[in-house]
Amino acid sequence: QVQLVESGGGLVLPGGSLRLSCAASGNILSINAMDWYRQSPGKQRELVASITGGGSTDDEGSVKGRFTISRDNAKTTVYLQMNSLKPEDTAVYYCNADILTGGWIRKDYWGQGTQVTVSS
């Protein structure tokens, strides 16, 4: 079974930095796009950043210029470097990957999330 596991969350002061990781494993033929989403209590999930199989990236809304998404060379791990963190960045961060499995089944997979708390 395909699994996505996030790590790197925690408590950080405003203005600080965190680096999130999401590792994909399992019966994977290929991974296309990988994305980071976040969700705060009482709010809908929102897209934070995306990276395509070709390495093109896109940052969304208020995170533009502060967050950077990247992949490793094997394209099985996606990172989110978060700088200049603000309290409003507090959320559970989820990774998402468009994956073609060994059974030729293509679907989006989600990690369990990692908590990021920005507070003084």
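Student: Which residue stands opposite Ile 69, and in which strand?
Tutor: This is a predicted model, and in it β7 and β8 run antiparallel, joined by five bridges. Within β8, the residue standing opposite Ile 69 is Leu 80.

Student: What is the strand order of the open sheet of four strands?
Tutor: The pairing in this sheet is antiparallel. From one strand to the next, the twist averages 15°. The order is β1-β3-β8-β7.

Student: Which strands stand at the edges of that sheet?
Tutor: An edge strand here has a single partner strand, so one side of it is left without a neighbour in the sheet. The strands in that position are β1 (3-7) and β7.

Student: How many residues are in the largest nonpolar core, and which have the most contacts inside it?
Tutor: The elements giving two or more residues to this core include β3, β7 and β8. The core has 28 residues. Those with the most contacts inside it are Trp 36, Leu 80, Met 82 and Tyr 93.

Student: Which element gives the largest share of this core?
Tutor: Among the elements that contribute two or more residues are β4 (28-39), β5 (46-51), β9 and β11 (114-118). The largest share is five residues, and the element it comes from is β9.

Student: What is the handedness of the link between Cys 22 and Cys 95?
Tutor: The angle about the S-S bond is 40°. With that angle, the link of Cys 22 and Cys 95 is right-handed.

Student: Is Cys 22 buried or exposed, and is Cys 95 buried or exposed?
Tutor: Buried means under 20% relative accessible area. Cys 22 has 0% relative accessibility, so Cys 22 falls in that class. Cys 95 also has 0%, so Cys 95 too counts as buried.

Student: How many residues lie between β9 and β10 in their hairpin?
Tutor: β9 pairs with strand β10 (residues 106-110) in the antiparallel sense over five bridges, and Asp 98 stands opposite Asp 108 in β10. In the turn, Trp 104 has a positive phi of about 60°. The number of residues between the two strands is four.

Student: Why is the aromatic pair of Tyr 37 and Trp 110 called tilted?
Tutor: A search of the whole structure finds one aromatic pair. The ring centres of Tyr 37 and Trp 110 are 4.9 Å apart, with the planes at 55°. Planes under 30 degrees apart would count as stacked and over 60 as edge-to-face, so at 55° the pair is tilted.

Student: Which charged residue sits over the ring of Tyr 37?
Tutor: The charged end lies 5.3 Å from the centre of the Tyr 37 ring. A separate case is Lys 107, which lies over the face of Tyr 109 at 5.1 Å from the ring centre. Over Tyr 37, the residue is Arg 45.

Student: What is the bridge partner of Asp 35 in β5?
Tutor: β4 and β5 run antiparallel and are joined by five bridges. They form a hairpin with six residues between them, and Gly 42 in the turn has a positive phi of about 80°. The partner of Asp 35 is Ser 50.

Student: Which residue in the hairpin of β5 and β6 takes a positive phi?
Tutor: Three bridges join β5 to strand β6 (residues 57-59), and these strands run antiparallel. Ala 49 has Asp 59 in β6 as its bridge partner. The hairpin has five residues between the strands, and the residue with a positive phi, near 95°, is Gly 55.

Methods. Residues are numbered from 1 along each chain as its sequence is written. This is a predicted model: local features need pLDDT of at least 70, side-chain atom pairs count only at pLDDT 80 or more; totals for chains, interfaces and linings use all residues. Side-chain values use heavy atoms; hydrogens and water are left out. A disulfide is a pair of cysteine sulfur atoms within 2.5 Å. Buried means under 20% relative accessible area, exposed over 50%, partly exposed in between (1.4 Å probe, protein chains only). Two strands pair if DSSP finds at least two bridges between them. A nonpolar core is a set of buried Ala, Val, Leu, Ile, Met, Phe, Trp, Tyr and Cys residues joined through side-chain atoms within 4.5 Å. Rings of Phe, Tyr and Trp (its six-membered ring) pair if their centres lie within 6.5 Å; planes under 30 degrees apart count as stacked, over 60 as edge-to-face and the rest as tilted. A charge sits over a ring if NZ of Lys or CZ of Arg is within 6 Å of the ring centre and within 35 degrees of the ring normal. Axes are lines fitted to C-alpha atoms, for helices over the stretch in contact, and angles run from 0 to 180 degrees between N-to-C directions.
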